[in-house]
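Please keep the sequence and the model side by side while reading.

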Amino acid sequence: MFAVEEINRDPQLLPNLTLGFHLYNAYHSDAGTLESSLRWLSGQGQLIPNYSCWGQEQPVAVLGGATAALSVQMGTLLELYRYPQVIFGPFDPILSDKTQFPSLYQMAPKDSSLPKGMVRLMTHFQWTWVALVTVDDLRGEEFLKQLTLEMANHGVCVSFIEKIPMSERRHTESQEAFMPRIMASTSRVIFVHGDTDSLMILRYSQTPLIPIWKVWVTTSHWDITMRPPHFDGNNFHGALTFSHLTHDVPGFKAFLKRVNPIIYPEDIVLREFWHSAFRCTDEVQNLKQEKCFPNASLETLPLFYFDMTMSDLSYTIYNGVYAVAWTFHEMFLMQLGKGTMVEGEHWVPHPWQLHSFLKNLQFNNSAGDQVFMDEKRNPEAQYDILNYVTFNVDTEALVKVGQYNPKAEPGQDFTINDEAIVWNWLGSKIPRATCSESCAPGFRQAPLEGEPICCFSCSVCPEGEISNQINVKYCVKCLENEYPNREKNRCLPKVVTFLNVSEPLGVTLICMALSFSLMTSFILWIFVKFQDTPIVKANNRALSYTLLISLIFCFLCSLLFIGRPTAATCLLRQTTFGIVFTVAVSSILAKTFMVVLAFKLTIPGSRGRLWVQSRVSNSVVIVCSGIQVILCGAWLGISPPSPDIDTYSEPGQIIIGCNEGSVIAFYSVLGYMGFLALCSFTMAFLARNLPDTFNEAKFITFSMLVFCSVWVSFLPTYQSTKGKAMVVVEIFSILASSAGLLGCIFIPKCYVILLRPDRNILKLKKSSFF
């Protein structure tokens with residue numbers, strides 16, 4: 001009515017034509033729809049097939065099709081006469097088949113982006129377990145297919161699917177069917193896709209006075225004023241609606257404010273609505289505004305009765321009326337241009353003549369939007385997200401809380417104000433829609449066998465991994481220089497650690513090494529001071545000096561293992577340790593060798609006594625030590641030790657140490673040193689009971705027993721420890737074995753030299769050659 005009046009007032013659009021319209025009921029049944037179509041074709045309410053009672057007011061176009069089912073029913077009949085059908089209902093791809101429906105034109109924007117918008121809403125509120133309700137037709141099936149695919153791509157699961165039967169579209173036929181299943185479901189959030197009729201069925205299926213604790217999310221064609229008389233608004237309180245984004249049409253609200261039955265006395269629909277809405281006492285047929293609230297206006301009615309805003313369906317109707325008007329305008333201009341029309345002549349086009357103009361028509365409406373009749377150029381719909389709120393029985397509102405614009409840039413296409421939404425029974429608390437309880441940070445989702453991906457259990461993140469959000473599918477590894485905290489919800493920086501000279505353990509080991517080296521130096525000073533005494537001379541002074549000097553370096557080489565490892569210290573650590581210990585063990589081997597030879601070669605003048613000379617003992621030390629030097633040189637040449645950073649051995653620590661390079665070379669050096677020690681132990685053990693005043697074979701036996709025990713224990717301990725403990729074990733082994741050699745071989749001699757000089761006297765025997 002508003003569009004027709006606006007067009008007729010426009011002197012530029014149809015200057016010589018007056019546009020009119022007739023209203024017919026589209027019943028909620030296939031038979032009723034066909035009957036109304038036949039009555040319209042016959043005219044004047046007569047039901048005479050293939051006969052028209054219309055005179056000069058012959059209609060030329062049909063504006064209808066609130067649902068796809070109505071459009072198909074009308075199109076099947078009206079196509080016989082090639083009547084243009086301008087459809088204002090939701091866009092349906094099936095109706096775009098021009099082979100089947102060549103005279104049908106859809107005005108509504110395409111809803112192909114609606115599934116993405118709904119899934120964006122699901123993911124925004126972290127709803128992963130939702131129910132779907134759709135119409136049981138091809139349009140519903142196609143939407144269901146697209147929506148479930150989009151949900152699967154974003155990890156959202158469908159708890160159950162219900163389809164609203166549409167055979168005869170009766171409002172009460174589903175109360176005993178799907179509504180009990182919806183009420184009994186575990187899903188708290190239900191997404192509904194349909195048209196006006198199917199959503200009316202859903203509302204009429206509500207059981208009076210029984211609350212449904214669900215959150216409804218509906219499509220744009222939900223008409224809140226179409227409801228049963230017993231409707232309890234609390235069931236849909238807090239519902240969200242994807243409504244087509246439309247612009248305000250100038251003058252429409254002013255038109256609604258002045259509408260009343262006095263201005264439009266022939267409008268029986270308005271008169272009956274007025275009588276019902278304002279509860280007038282006089283009869284409907286004799287309705288007078290003076291007796292029924294003289295100041296009554298549609299503006300004063302609550303949303304329960306009337307919505308003052310232009311709905312998306314109404315907006316499409318408005319554009320449809322203008323589409324027909326602009327078609328007449330183009331046809332009228334063409335007739336004038338051809339000169340086939342005389343001024344003042346009554347002109348009424350045939351219905352089939354409109355098609356060539358309609359299919360290519362495009363215009364701008366009064367709201368500033370561009371309208372296309374070519375469905376291929378029909379734009380994608382943009383959506384306002386509205387929140388339906390009931391304050392009391394007579395007070396309702398649709399509040400805009402968000403927007404979805406698929407044409408906008410990513411990140412700006414979807415906006416919603418969480419704080420502005422009123423949620424059903426939860427107030428401002430966002431409802432949870434999940435199959436399983438959320439996994440807290442530090443846990444990850446573990447899928448359950450045979451269940452959808454949204455149903456899961458929670459398991460702790462593996463070692464070295466964290467999760468700092470809820471409901472993560474995979475934990476993430478911390479960086480190499482970080483480690484998880486106890487709760488495994490954040491990564492902490494690792495502490496760089498090595499055997500530091502400033503820590504108590506490092507200081508203790510340094511003090512021990514220096515103390516032992518000073519003690520060894522003191523013993524060396526005693527041996528030099530008392531070098532002419534029998535006990536010093538009898539035990540080969542040169543070898544004793546060599547052994548003492550090598551022991552000093554043995555103690556001091558442990559200092560290379562303390563402090564932050566560098567390239568130089570890593571190269572010197574094991575090689576210095578191996579060489580100086582080999583010199584020490586070689587000196588003991590030479591001592592033992594000389595003792596055995598001295599007692600075996602007892603014949604005076606024997607040529608074998610040539611072996612009992614200092615050159616032989618020196619040669620033993622040089623040869624044995626030289627072999628170790630060659631091994632260490634090969635080690636350094638082939639695969640030398642280098643600084644190494646260990647980020648995995650100890651949680652929370654970055655251990656800086658030395659990579660030994662070649663493990664074979666490392667154990668070869670240790671093995672060779674152990675071989676020399678075993679030889680010394682064997683020879684000393686055999687010579688331990690040889691008669692002599694200053695026979696040190698027993699002391700060498702004990703010293704080698706201590707030495708071998710330390711290093712045999714070192715190997716498994718070294719292999720089983722990590723990081724700084726490995727270094728401590730090796731330092732302890734160096735100090736313990738060196739101290740064992742020093743204590744077992746030289747302490748008894750110092751005792752005799754310093755405290756028992758009476759025993760430091762040579763007793764001549766035939767068997768003594770020192």
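**Cross-links and charged pairs**

The S-S bond of C157 and C454 has a torsion of about 90°, so this disulfide is right-handed. Its two ends are C157 in strand 5, which spans residues 157-164, and C454 in the loop between strand 14 (443-447) and strand 15 (456-460), so the pair ties together parts that are 297 residues apart in sequence. The S to S distance between C157 and C454 is 2.1 Å. The relative accessible area of C157 is 8%, and this residue is buried. C454 has a relative accessibility of 4% and counts as buried too.

The model is a predicted one, and this link is one of the six disulfides that the structure holds. The protein has 770 residues, 47% of which count as buried. Its secondary structure consists of 19 helices and 22 strands. Among contacts with a separation of 6 or more, 66% are between residues 24 or more positions apart. The protein exposes about 37,800 Å², and 59% of this area comes from carbon and sulfur atoms.

Another disulfide joins C461 to C475, with an S to S distance of 2.0 Å. C461 sits in the loop between strand 15 and strand 16 (465-466), while C475 sits in the loop between strand 16 and strand 17 (476-477), so the parts tied together are 14 residues apart in sequence. The torsion about the S-S bond of C461 and C475 is -80°, and the link is left-handed. Buried or exposed, what are C461 and C475? Both C461 and C475 are buried.

C570 and C658 form a further disulfide, again described by its S to S distance, which is 2.0 Å. This pair links distant parts of the chain: C570 belongs to helix 15 (residues 567-600) and C658 to strand 22 (residues 653-659), 88 residues apart. The torsion about the S-S bond of C570 and C658 is about -80°, so this disulfide is left-handed. C570 is buried, with a relative accessible area of 1%. C658 has a relative accessible area of 18% and is buried; the cut-off for buried is under 20%.

C511 counts as partly exposed, at 43% relative accessibility. C750 is buried, and its relative accessible area is 8%.

The charged side chains come next. Side chains of opposite charge can pair when their charged atoms come close. The structure holds 11 salt bridges, and three of them are followed here, starting with the one in which the side chains of R258 and E5 meet, at 3.6 Å from N to O. R258 lies in helix 8 (residues 252-258) and E5 in helix 1 (residues 2-9), so the pair ties together parts that are 253 residues apart in sequence. R258 is partly exposed, with a relative accessible area of 37%.

Where do the partners D413 and R120 lie in the chain? The side chains of D413 and R120 meet in a salt bridge, with an N to O distance of 2.9 Å. D413 is in the loop between strand 12 (395-404) and strand 13 (414-416), and R120 is in helix 4 (residues 114-124), so the parts tied together by the pair are 293 residues apart in sequence. With a relative accessibility of 11%, D413 counts as buried, whereas R120, at 28%, counts as partly exposed.

The salt bridge between the side chains of E463 and K488 has an N to O distance of 4.0 Å. E463 is found in the loop between strand 15 and strand 16, and K488 in the loop between strand 18 (482-484) and strand 19 (491-493), so the pair ties together parts that are 25 residues apart in sequence. E463 has a relative accessibility of 65% and counts as exposed, while K488, at 15%, counts as buried.

Key: Residues are numbered from 1 along each chain as its sequence is written. This is a predicted model: local features need pLDDT of at least 70, side-chain atom pairs count only at pLDDT 80 or more; totals for chains, interfaces and linings use all residues. Side-chain values use heavy atoms; hydrogens and water are left out. Helices (H or I, at least four residues) and strands (E, at least two) are DSSP runs, numbered from the N terminus. Buried means under 20% relative accessible area, exposed over 50%, partly exposed in between (1.4 Å probe, protein chains only). Contact means heavy atoms within 4.5 Å. Accessible areas come from the Shrake-Rupley method with a 1.4 Å probe; for residues, only the protein chains shown count as cover. A disulfide is a pair of cysteine sulfur atoms within 2.5 Å.
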